[in-house]
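Biologist: Before I rely on any label attached to this model, I would like to hear the criterion behind it. Could you take me through them one by one?

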Amino acid sequence: MPTVSAAGQNSKHRGTFVHKNQKRLLGVLAGLVALAALVLPNLANAAASGKPSASRAPACATPERPKSHGYDSATRKDAAFNKEFRHCFTTVDGIQMHYVIGGSGPQTTVLLHGWPENWYAYRGIMPKLLPGRTVIAVDLPGLGDSTGAPSNYAAATMATYVHDLLDRIGKRHGVELVAHDIGAGVAYPLAATYRQQVSGLFMIDFPLVGKNLRFADFSNVSFHFLFNQQSPLAEQLVTGREKQFFGYFYPTFSHSPHVVPSPDAVKEYVRTYSRPQVLHGGFEFYRYWNQDEIDNKRLQQKPLTIPVRMISEEGFLNVMLAGAQGASPSATGVEVAGSGHWLAEEAPRRIIEEINAFYPSK
């Protein structure tokens, strides 16, 4: 019978020890894999929605992992926001659309932002709109934290993306639109094309081109109408200088340049417009304005039958209301004294009052 040395015996014991610990390690790994299978989908949903677990906001309709980094930079530490709202992402025809949703009321109010802003333009008024409403603030295709290049930037095309997004969220009827600036340019073809989806059109400070108003009628009012159309010169001049360019632009169109928009808001807007895709997309909206005029003239052959309201900054109601009445001859309007272009931020109480009066609780 062969003898076994002490070294051999020790080697044998070490092998048994290693084998047993390998089995234990494999068991631990198997347990971790099983745990990950349970936890990771929930983490992915949380990442896609930007929610803390205590959020009262509705769940995202089709949660996706965000492609846009920093989408919650302005709200990550905002406890009040995170209690009532959440970030969501849904891909529509190749564009990952970003929207913020809150509330569970029967009325659906959809907020569309202008240029050069994103959904955050409505941050100050969104909580006040919650009673009785589900509030959805959308980043327009190609802007904000929506990711991907649309097929084109005509307002009618943008309207189709927003329509499809709302359809996927389940908001197919009774949508109350609130839209500022180029968001109003998108809201009109949305209301005119998908008439069973939209129940009202509330526009803020936007010259709606069509049969009553031409781009040529106001293109010389501000430098940016024609500057933004210069391709690729606008991108070449602004890229790398976004902070300076927009830092000049916001106070120029504000009645209170030292107050509105707030430094936090400007930081958020500059963050998104510093993305080359978003900077380009914002300029592209202006390059399609002549096409929008053609499209709107066609759509305006059939006037809207829903209520239409135009709110303008001080001194511009005649122009703004003329455009709105091209879409609906019965459209009404009012200008807000002492306010510049950023009405939701310069005159939030007045805008909330106007929205509540136009869309009363049912």
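Modeller: What follows sets several values beside the definitions that give them their names.

Modeller: This is a predicted model, in which local features need pLDDT of at least 70 and side-chain atom pairs count only at pLDDT 80 or more, while totals for chains, interfaces and linings use all residues. Residues are numbered from 1 along each chain as its sequence is written, and side-chain values use heavy atoms, with hydrogens and water left out.

Biologist: What makes E1 and E8 the edge strands of the sheet?

Modeller: Strands are DSSP runs of E with at least two residues, helices are runs of H or I with at least four, and both are numbered from the N terminus. Two strands pair if DSSP finds at least two bridges between them. The open sheet has eight strands in the order E1-E2-E4-E3-E5-E6-E7-E8, with mixed pairing; strand E1 (85-92) and strand E8 (332-336) each pair on one side only, and these are the edge strands.

Biologist: How do you know that the span of H4 agrees with its number of residues?

Modeller: The expected span is 1.5 Å times one less than the number of residues. The 15 residues of H4 should therefore span 21 Å, and its end C-alpha atoms are 21 Å apart, which agrees. Helix H4 (residues 155-169) lies across E1, E2, strand E3 (107-112), E4 and strand E5 (175-180), and just after H4, Gly170 takes a positive phi of about 95 degrees.

Biologist: Why are H4 and H5 called roughly perpendicular?

Modeller: Axes are lines fitted to C-alpha atoms, for helices over the stretch in contact, and angles run from 0 to 180 degrees between N-to-C directions. Angles under 35 degrees count as roughly parallel, over 145 as roughly antiparallel, 65 to 115 as roughly perpendicular and the rest as oblique. The axes of H4 and helix H5 (residues 182-193) come within 8 Å and cross at roughly 70 degrees, and the two helices are therefore roughly perpendicular to each other.

Biologist: Which residues of H4 and H5 meet?

Modeller: With contact taken as heavy atoms within 4.5 Å, Ala155, Ala156, Met158, Ala159, Val162 and His163 in H4 meet Gly185, Val186, Pro189 and Leu190 in H5.

Biologist: Why do Asp181 and Asp205 count as buried?

Modeller: Buried means under 20% relative accessible area, exposed over 50% and partly exposed in between, with a 1.4 Å probe and protein chains only. Asp181, in the loop between E5 and H5, has 8% relative accessibility and so counts as buried. Asp205, in the loop between strand E6 (198-204) and H6, has 1% and therefore counts as buried too.

Biologist: What is the phi of each of these two residues?

Modeller: Most residues other than glycine have a negative phi. Phi of Asp181 is near 55 degrees, a positive value, and phi of Asp205, also positive, is near 50 degrees.

Biologist: Is Ser328 buried or exposed?

Modeller: Ser328, found in the loop between helix H12 (317-327) and E8, has a relative accessible area of 0% and is therefore buried. Leaving aside neighbours within four places in sequence, Ser328 is in contact with Leu304, Ile306 and Val308.
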